[in-house]
Amino acid sequence: MLTDIVFWVLAVIAVAAGVAVFVVDSMARATYALAASFVAVGLSLLLMNLEFIGVITVLMMVMEMAIMAIYMIMFMGMNPALMPMNMVHSAKGALSVAVGTFAVLATGALFIPWPSRRGVTGTDLTVALGEALMGPKMLVMITVSPVLFATIVAAIVLAAPSGRYDRLGDDLRRRSATARRPEGVQR
Amino acid sequence: MNAVEIVQVSAAWAPLGALLLLALATVATGLDGAIAARAAGHPWQQGLRLPWAETARLLRQRRRTTVAADRLLWRTAGAGLLVTALLKIVVVPLGAWTLSDMSVGLVWFNAMDILVWALVWLAGWGPNSAHSLIGGYRFLGQALSYELPLMFALTAPATAAGSLRVGDIVTAQQGLWFIVWMPVAFLVFCAALMGFSVWGPFSTPFGADIAGGVLAETSGIDRWLLLAGRWALLTAGSAFGVTLFLGGGAGPVLPAWLWVLVKTGILLAALVLLRRRLPALRPDRIAAAAWLVVLPLVLLQVLIVSVVVVGRG
């Protein structure tokens, strides 16, 4: 009973905050509405006794949104994102795609014959998760991690003010120039 | 020393936990006030009144509003710091009792200190004021520096105990406190603790050079909540440090719950006394040191702990 109430409250918050992302007119509100939506999803994972995944979802999503707010405001083109602004582009097309996707996924979730559980859950799901990640799924992890990491580093190298454009000039032809601002531990 | 069995108590005890947290935070604020009064040439007893005097002053103050403020986010963020501190102590055992003995208590604490990222930035964003916003950005800048070393510092006790459950980490320290063989992790934790409390050397987001930064446009209860929230975060963090590294309730003669309070008080007092000896750290300068020096050191600490754990079998 209590679990049902908590589930429904979290579900309503997750969906309502998700809708709010597109309704509000401020970059900060949109970002943190998305964070609130993810936090509700993370907390509802606790209802399935997936404690580690639930709490880590809250952790990652809040951290991610805090960083995302900076990037969105920093790179929002000529529009100073500190002002109120519309959060949607090409609203009609986006809305139809979104509603269509939701309908397909919801229909699938409701009508699929869900398999019954085979075997029993381990006593410690966090340990089971860790063993799966470090064991059979290790190949996936060691492939994905360097790619993600390289992407992040490449993006920062391109975007950082003391990055390659600063050192190498606008056409990247200048060689061995120093950064405009000192960097590293010694500065 | 007898092993203390950690038991989960009813949620009805939560208000008592909150009261203890606020009481310890008040004592720390009073101590800080006393030191400040002495440094200014006044009798130190005057400073002890600081938390009460400030509270009385701020509660009578009118609330300030600014043009086009994002009031929803501003107020949420203002109240959030104190709430976060209260959510943190949910997993901190007071001797044998804990409010939540969840299996991932350590990750819960970490998730709560990530909430501070959002809250401080939002508190800076809310009033629609340049100085406040700069304060918010300063905090995220320093958060990027302290958070990763903090995460690995938290990993060390968890590795040694073989569990993310805070109760297991306390039990694993019976006989030898973790501070003895993971001093680097403890020091990094203490630095990060000042970081997520936006306090001491990490208080530039509230700096006088930007007119108070995140505090700039606040008055009355809003200002009180931010200030009290920082002290509460510092206290909650100290209590967690005691739990992770200083043996929790372990100690002779006194009961376990009292030892937790005493040790938390000592750690808090040490931080307050140390505060005036440390310079303010510029967020843009600590990044390189944090990532190139501190992070490898704390990783080395985790490696040593892991080797010891594997060696013990």
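## Annotated spans of chain A

The end C-alpha atoms of residues 31-47 of chain A lie 25 Å apart, over a span that is 94% helix and 0% strand. Helices (H or I, at least four residues) and strands (E, at least two) are DSSP runs, numbered from the N terminus. This is a predicted model, in which local features need pLDDT of at least 70 and side-chain atom pairs count only at pLDDT 80 or more, while totals for chains, interfaces and linings use all residues. Residues are numbered from 1 along each chain as its sequence is written, chains are lettered from A and ligands numbered from 1 in the order in which they are written, and side-chain values use heavy atoms, with hydrogens and water left out.

The unreviewed UniProt entry annotates residues 6-24, 31-47, 53-73, 94-114 and 138-160 of chain A as "transmembrane region"; UniProt positions are given in the numbering used here, feature names are shortened, and annotations may be inferred rather than shown by experiment. Residues 53-73 of chain A are 100% helix and 0% strand, with end C-alpha atoms 30 Å apart.

## Chain A overall

Chain A has seven helices and zero strands, giving the pattern α-α-α-α-α-α-α along the sequence. Of its 187 residues, 22% count as buried, where buried means under 20% relative accessible area, exposed over 50%, and partly exposed in between (1.4 Å probe, protein chains only). Among contacts (heavy atoms within 4.5 Å) between residues of chain A at least 6 apart in sequence, 48% join residues at least 24 apart.

Chain A exposes about 13,400 Å², of which carbon and sulfur atoms supply 72%. Accessible areas come from the Shrake-Rupley method with a 1.4 Å probe, and for residues only the protein chains shown count as cover. Leu2(A), Val6(A), Phe7(A), Trp8(A), Val12(A) and Leu47(A) make a nonpolar surface patch of about 590 Å². Patches are made of residues with over 30% relative accessible area and no salt bridge, with like charges joined within 9 Å and nonpolar side chains (Val, Leu, Ile, Met, Phe, Trp, Tyr) within 5 Å. One of the patch residues, Val12(A), lies in helix 1 (residues 2-23) of chain A and is exposed at a relative accessible area of 52%.

## Loop residues of chain A

Met85(A) sits in the loop between helix 3 (51-74) and helix 4 (91-111) of chain A. Met85(A) is buried, with a relative accessible area of 14%. Its C-alpha atom is separated by 22 Å from that of Ser96(A), 11 residues apart along the chain.

Asn49(A), in the loop between helix 2 (27-46) and helix 3 of chain A, has a positive phi of about 65° although it is not a glycine. Asn49(A) is exposed, with a relative accessible area of 57%.

## Loop residues of chain B

Gly126(B) and Asn128(B) both belong to the loop between helix 5 and helix 6 of chain B. Gly126(B) is buried at a relative accessible area of 1%, whereas Asn128(B) is partly exposed at 47%. Asn128(B) has a positive phi of about 60° although it is not a glycine. Not counting residues up to four places away in sequence, Gly126(B) touches Ala69(B), Asp70(B) and Trp74(B).

Trp74(B) is also in contact with Thr218(B), as are Arg223(B) and Leu226(B), leaving aside neighbours within four places in sequence. Thr218(B) lies in the loop between helix 9 (183-196) and helix 10 (220-245) of chain B and is buried, with a relative accessible area of 3%. The side chain of Thr218(B) reaches the backbone oxygen of Leu215(B) at 2.7 Å.

## Salt bridges

The count comes to 11 salt bridges over all chains, each being a side-chain nitrogen of Lys or Arg within 4 Å of a carboxyl oxygen of Asp or Glu. One of them joins Asp32(B) to Arg276(B), with the closest N and O atoms 3.0 Å apart. Asp32(B) lies in helix 1 (residues 14-39) of chain B and Arg276(B) in the loop between helix 11 (256-275) and helix 12 (283-312), so the pair ties together parts that are 244 residues apart in sequence. Asp32(B) is buried at 8% relative accessibility, whereas Arg276(B) is partly exposed at 41%.

Asp222(B) forms a salt bridge with Arg63(B), the closest N and O atoms being 3.0 Å apart. This pair links helix 10 of chain B, which holds Asp222(B), to the loop between helix 3 (50-59) and helix 4 (71-88), which holds Arg63(B), 159 residues apart. Arg64(B) forms a salt bridge with Glu217(B), with closest N and O atoms 3.5 Å apart. Salt bridges that share partners join Asp32(B), Arg275(B) and Arg276(B) into one network.

Notes. Polar contact = N/O pair within 3.5 Å; in protein donor to acceptor, adjacent residues only side chain to side chain.
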